[in-house]
Amino acid sequence: MSVKLKCSLLFIYSLLIISFAACTSDHKQASEEELRKQAQELAQKYIITDGHIDVPYRLNAKMEDVSVRTQQGEFDYVRARAGGLDAPFMSIYVDAVYQAKGGAKAAADSLIDLVENIAKKSPDKFALAYSVADVEKNTQAGKISLPMGMENGAPIESKIENVDHFYKRGIRYITLAHSKDNFICDSATDTTHTWNGVSPLGEQIIGRMNQVGIMVDVSHISDSSFYDVMRLTKAPVIASHSSCRHFTPDQTRNMTDDMIRKLAANKGVIQICFGTYFLNNESIKNDNYIKKWLKENNIQRTDSTAVAYIKQFNEAHTVTSDISQVADHIDHVVKLVGIEYVGIGSDFDGVEGKLAKGLEDVSKYPNLIYELLKRGYSEEDIRKICYTNVFRVWSEVERIAKEQGTSKVGS
Ligand SMILES: [Zn+2]
């Protein structure tokens with residue numbers, strides 16, 4: 001073969017390689033665009049539930065009209081519509097300080113009033129939702145549902161009849177405890193271990209929740225409380241906003257593999273959070289360091305010296321998280337127990353903006369759907385994560401309450 005012919009063949013071969021490379025890169029580009037488009041479509045097509053959004057807490061601190069685009073916060077009607085969000089559980093969060101100073105029930109009632117007012121002021125945009133059927137009806141009418149979950153059982157104030165009170169007011173899940181042990185059970189972030197699990201009164205409260213049709217939320221409770229709940233509950237439970245301890249061994253708020261297996265055996269659902277604090281172990285390590293520093297120096301987090309120190313410390317130890325970590329947590333649950341037991345519980349408006357990159361507010365759910373499509377999740381898988389897993393649990397809780405003949409329609 002002549003040198004000239006060899007050169008010509010080499011030239012043609014190079015051209016072929018270049019055009020093939022260009023072609024595959026075009027193809028890849030198109031696929032990414034297609035997946036983005038598909039993700040957008042699925043976000044609008046499927047109902048999206050989110051187990052935990054702290055809008056009432058945020059608005060109670062600083063009122064804004066969430067029926068229009070707000071300057072602050074991570075939730076409003078405009079961004080929820082863009083993200084395809086249909087049923088965010090409004091968190092009726094009652095701080096553990098009320099356990100000592102009193103007034104927990106009144107605090108919860110006033111936050112429920114606040115959510116009712118959001119729906120009352122914009123009846124064309126928002127509607128309350130007391131059941132799976134309500135969410136479906138509101139979605140068909142083009143409205144965003146505002147179901148409510150109470151974060152901390154403290155507002156029950158040791159009276160079983162208050163479980164009925166909150167059911168009537170529309171509460172459809174109760175996170176049994178928050179940052180401190182209470183009269184129901186121990187918290188995941190309190191080292192007192194008051195009950196080593198669920199208290200005798202807590203047992204009765206869980207029984208009553210099963211009877212009226214309030215979902216038991218195991219987020220925030222200690223491991224021993226969780227195992228007691230698994231033994232006591234007659235209905236499947238939710239973790240409204242928890243992630244996997246597999247990735248965050250120092251984060252006691254997240255669930256261990258064994259707990260996730262038990263939750264799946266109970267036919268419950270873990271709703272994965274988007275906060276860095278739940279996704280990246282460095283974040284919780286830093287927080288633990290600060291807690292230790294506060295204790296050693298015997299000062300409160302709100303003290304001006306502490307505020308300055310924490311600010312400086314955080315600036316020097318920036319910890320971030322991203323959307324692929326959220327998908328890793330979802331993957332982990334799926335590999336461990338299957339697609340039927342995982343959902344979304346962002347914790348928007350509850351983590352001081354420390355969120356996974358790409359999931360900064362309620363307009364960003366399509367980014368997560370895209371990430372899952374890219375990882376090979378089917379449309380049916382995504383439908384389950386978006387809402388049918390949560391609906392299964394909620395429907396079963398409703399059915400079990402009806403079976404016991406004690407369920408009442410919320411007012
Ligand atoms: Zn929380």
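In these close-ups, contact means heavy atoms within 4.5 Å. The model is predicted, with local features needing pLDDT of at least 70 and side-chain atom pairs counting only at pLDDT 80 or more, while totals for chains, interfaces and linings use all residues. Residues are numbered from 1 along each chain as its sequence is written, and side-chain values use heavy atoms, with hydrogens and water left out.

View A. T175 sits in strand β6, residues 171-175. Helices and strands here are DSSP runs (H or I of at least four residues for helices, E of at least two for strands), numbered from the N terminus. At 0% relative accessibility, T175 counts as buried, where buried means under 20% relative accessible area, exposed means over 50% and partly exposed is in between (1.4 Å probe, protein chains only). Skip the neighbours within four places in sequence, and T175 is in contact with M150, E151, N152, G153, D217, S219, H220 and S240. For S240, the separation from T175 is 65 residues in sequence and 8.0 Å in space, C-alpha to C-alpha.

**View B. The zinc ion with E151, H220 and H241.** The coordinating atoms are OE of E151, NE2 of H220 and NE2 of H241, at 2.1 to 2.2 Å. Donors are N, O and S atoms within 2.8 Å of the metal (3.2 Å for Na, K and Ca); water is not among the atoms, so sites may look incomplete. Read along the sequence, the donor residues are spaced E-x68-H-x20-H. E151 and H241 link distant parts of the chain: E151 is in strand β5 (residues 148-151), and H241, 90 residues away, is in the loop between β8 (238-239) and α10 (257-265). Relative accessible area is 3% for E151, so E151 is buried, and H241 is buried too, at 0%.

**View C. Two positive phi values, at H220 and E157.** Most residues other than glycine have a negative phi. The zinc donor H220 has a phi near 75° and is found in the loop between β7 (215-217) and α9 (223-232). With 10% relative accessibility, H220 counts as buried. E157 has a phi near 45° and lies in the loop between β5 and α7 (161-168). Its relative accessible area is 30%, so E157 is partly exposed.

**View D. The largest nonpolar core, around F75 and V229.** A nonpolar core is a set of buried Ala, Val, Leu, Ile, Met, Phe, Trp, Tyr and Cys residues joined through side-chain atoms within 4.5 Å. A second, separate core has six residues, including W293, L294, A306 and F313. In soluble globular proteins, nonpolar side chains tend to be buried together.

**View E. Helix α6 packed on helix α16.** The axes of α6 (residues 132-140) and α16 (residues 379-403) are 9 Å apart, at an angle of about 130°. Axes are lines fitted to C-alpha atoms, for helices over the stretch in contact, with angles from 0 to 180 degrees between N-to-C directions. The two helices are therefore oblique to each other; under 35 degrees would be roughly parallel, over 145 roughly antiparallel and 65 to 115 roughly perpendicular, with oblique as the rest. On the α6 side sit V132, V135 and E136, meeting F391, W394, S395 and E398 of α16. By class, this contact has four nonpolar, one polar and two charged residues. Nonpolar covers Ala, Val, Leu, Ile, Met, Phe, Trp, Tyr, Cys and Pro, charged covers Asp, Glu, Lys and Arg, and polar takes the others, Gly among them.

**View F. I400 in helix α16.** I400 is buried, with a relative accessible area of 8%. Not counting residues up to four places away in sequence, I400 touches N210, K234, A235 and P236. The C-alpha atoms of I400 and L359 are separated by 35 Å, and the two residues are 41 apart along the chain.

**View G. D181 in its loop.** Look between β6 and α8 (200-212) for the loop that holds D181. D181 is buried at 9% relative accessible area. Apart from neighbours within four places in sequence, D181 is in contact with Q99, D186, S187, D190, T192, H193 and T194.
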